Amino acid sequence: MLLYIHVPFCRRKCRYCAFHSLEMGTASTVRDYVETLLRELALWGDRMGGVPVTSIFFGGGTPSLLPARTIGTILDRVGKAFAVQPGAEISMEANPESLTRPSELRTLLKAGVNRLSMGVQCLDDAMLHTLGRPHRAREALDAFRAVRAAGFQNVGMDLIWGLPGQTLRQWMQQLKEVVRLRPDHLSCYGLTLEPGTPLEDDCATGRLGLPPERAQAAMFMDGAELLETEGYIHYEISNFARMGFQCRHNLGYWEGEDYLGLGPSAASTLGGLRWNNPEDHAAWTRQVDEGRVGTEAERLTPQTRVLELIMLRLRTARGLRVKAYRELTGRDFLRDHKRLVHLLHREGLLRIRDGYLRLTRSGMLVSNSILERLFEDTETLMALPVDTSATPLAKAGKAVAPDAGQIDSQTGGQIGDQTGGHAAENVAENVTGQDNPADATSAAAPPSSPPDPPAGRSHG
Ligand code: SF4
C-alpha cells in the first residue's frame, strides 16, 4: 500500500494555486493538525493491522514547513501503525525557502525521509513574483546545494512551463541551468489556469498573457528532447528521471496500487472503495474523533475502473497492458478500438509491443484528444453486454452512466514530438475536428488524476 500524508500549510497562497492549503497558522493550529493526524494514523493502524507500506509521501501544502522532528514523530507512528517495508521510499515535497537550515535537513534525513521534491517552478525572479512564490531563484539553487550537502541522494525539482510572458528560449535556458545541477528527478508541468485564482483573473482580463499555444507545445517538445539527451528517462507525460530514480510512489499510483490518504482533503482508494477526507479541518477532526473517517466511501463503478486503467496507464512510457483491459472487461482492446488504434499507429502516435500499448511522444502531445475519443468509445462499449461472466466487471455489476465531463481535467497531454508534429496535428484534427495540435492538447494541465493524485502536482 502507498501512504499519502497531506500537510495543508503554506507560507502564503501562490497566485495560481487551487490546492487545499492554508497560510501557516499559529503554533496551536499546527499542533492541533499534528495531533489529529496522529490519531487518524492510529485509527487506521487499528483497522488495518500492520499492512505493508512500500511508500510514504508527504504532500501539500508545504510539508517542509513542519519541524523536522515533527516529521520524525509522524514517521515513528507510521512505523507503529503499519509494516513499513525495508527500503521504502519516503518522499517529501519542499519549498526552497524552507530548506535552509543544515541541522533541520540532517534531522529529516535521520528521521527516514530519503527523497525530496523541491518546488522550484522557475528560475526567473520576475516570474516567481508573478506566480506569488515565496522564494527567489537564488534561494532555489542554494537550497538544492544545501540538501545535497546534507546527504540527500534522491532530489527532484518541479518546474512549470508556459508561464505568462515566457519564451521558448527562456524555458530552454532555464532547463539547461537546472540540468547542470544534476537533480535526480524532474517534473515539468504546463501551467494550469485554475478558475478563481488571481493568475487566472490576470489572464482573463488581459493584464497577463500566456505564450502562444504552439510555443507552449514547443516548450514541451524541445524540453523533453533536451532532458532525454541529458540522460533523463521520460517515464510519464510530465516526469523525467535519472536511471533508477523514478518516483515509486507515483508509479504505484499510475499502476493502480491501493493508497491511503491521511490529513484534510486527502483522497484514498482501497480495495475498490474511494473516499476523500473533508477539507475543513474541524470536519476532518470530528470524523477522526468519532471514528468515522473513511466510512463514507463509494465503490468504484466498473466504468470508472476501466477509464482510469486506460487513462493512468497511457500516461506512462510503459503503457497499457492489453491483457489488463481484458481481465477487467472481458473484451479485447485492439478489437474494441480497431479503427482508432489503426489510425494512431499509422500516424506514429501509438505503438504496440510485448502486449503493451503506449503513446509515442507525438501521441502524448495530443493525449487529451486521444483519451477523450477512447473514453467516448469505451463508454459506448461498456453499455453493451460483456462477453464473459468471469470478469471483475461482470461480478461488479452493470456499467453506470458515463461522466465524460471528468476527462479533460484529469489528463495532461503536453509533451515533445519524436516523430513529427504534423502527424500529431493530422490526428488531432481527425480525432477531434480541431486543426491545431496545441488546441488538442491540454497545454496547461499538471497531471491531476481521479479523484486527486496522492502526489505529483505542480505546486509546493
Ligand atoms: S502552489 Fe504549493 S506552495 Fe503554493 S500555495 Fe499551493 S500548495 Fe502552497
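This note goes through a predicted model point by point.

1. Residues are numbered from 1 along each chain as its sequence is written. The model is predicted, with local features requiring pLDDT of at least 70 and side-chain atom pairs pLDDT 80 or more, while totals for chains, interfaces and linings use all residues.

2. The protein chain holds 18 helices and 17 strands, taken as DSSP runs numbered from the N terminus (helices H or I, at least four residues; strands E, at least two). Of its 460 residues, 48% count as buried, that is, with 20 or more other C-beta atoms, placed from the backbone, within 10 Å of their own.

3. Helix 2 (residues 68-81) and helix 3 (residues 102-111) pack at about 5° with their axes 8 Å apart, the axes being lines fitted to C-alpha atoms over the stretch in contact and the angles running from 0 to 180 degrees between N-to-C directions. The two helices are therefore roughly parallel, a term for angles under 35 degrees.

4. Strand 17 (residues 356-359) pairs in the antiparallel sense with strand 16 (residues 350-353) over four bridges and with strand 15 (residues 320-321), also antiparallel, over two bridges; pairing requires at least two DSSP bridges. Leu350 stands opposite Leu359, and Arg321 opposite Tyr356.

5. In the hairpin of strands 16 and 17, with two residues between the strands, Asp354 takes a positive phi near 50°.

How values were computed
Parallel < 35°, antiparallel > 145°, perpendicular 65-115°, else oblique. Buried ≥ 20, exposed ≤ 12 C-beta atoms within 10 Å, placed from the backbone.
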